[in-house]
Amino acid sequence: MREVVAEALDGPDGGPLVVVGHGLGAVIAYEVLTEQAREVELLVTVGSPLAITEVQDQLTRPPAVPAGVAAWRNASDLRDLVALDHTLRPEYAPEQRITDLLVTNDSTDHHGIAAYLAQHEVRAPVQRLFGHGAG
């Protein structure tokens with residue numbers, strides 16, 4: 001899985017790089033970005049277990065914002081059973097580069113990626129980076 005993510009990061013050319021990770025995909029994206037120290041304008045994690053101590057204990061390096069990540073937005077729904085702990089700050093320093101968001105996914109699947117991406121707080125920063133306003 002790490003190889004697939006690393007290859008995908010090599011593909012984009014030009015413009016800002018935004019990485020979105022959902023659930024276990026957030027852990028994989030985090031690990032790859034930590035290993036590569038790639039310049040990433042925005043890391044968005046949704047429904048991520050990265051705040052759970054038992055997950056942090058398995059990371060290849062101590063928890064920290066990956067070196068090349070300029071900003072990190074972490075969104076979770078309190079009813080999401082994968083994201084049992086909802087805040088990455090202050091475990092992942094420097095904490096000023098992380099924004100933890102509690103959102104309400106009104107679908108029946110509180111972990112579903114579509115429900116997370118439908119949230120204004122999740123999609124607006126991505127849209128701004130690509131010049132599409134905050135709508």
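Author: Two strands pair if DSSP finds at least two bridges between them, and strands (E, at least two residues) and helices (H or I, at least four) are DSSP runs, numbered from the N terminus. This is a predicted model, in which local features need pLDDT of at least 70, side-chain atom pairs count only at pLDDT 80 or more, and totals for chains, interfaces and linings use all residues. Residues are numbered from 1 along each chain as its sequence is written, and side-chain values use heavy atoms, with hydrogens and water left out.

Reader: Which residue of strand 3 is the bridge partner of Val46?

Author: Strands of a sheet pair through backbone hydrogen bonds, either parallel or antiparallel. Here the partner of Val46 is Ala75 in strand 3, and four bridges join strand 2 to strand 3, which run parallel.

Reader: What is the order of the strands in the open sheet?

Author: The four strands have the order 1-2-3-4, with parallel pairing; strand 1 and strand 4 (98–103) are the edge strands, each pairing on one side only.

Reader: Where is Glu41 found, and which residues is Glu41 in contact with, leaving aside its neighbours within four places in sequence?

Author: Contact means heavy atoms within 4.5 Å. Glu41 lies in the loop between helix 2 (24–36) and strand 2 (42–46), and, with those neighbours set aside, Glu41 touches Pro16, Leu17, Ala70, Ala71 and Leu129. The C-alpha atoms of Glu41 and Pro16 are 5.8 Å apart in space, although the two residues are 25 residues apart in sequence.
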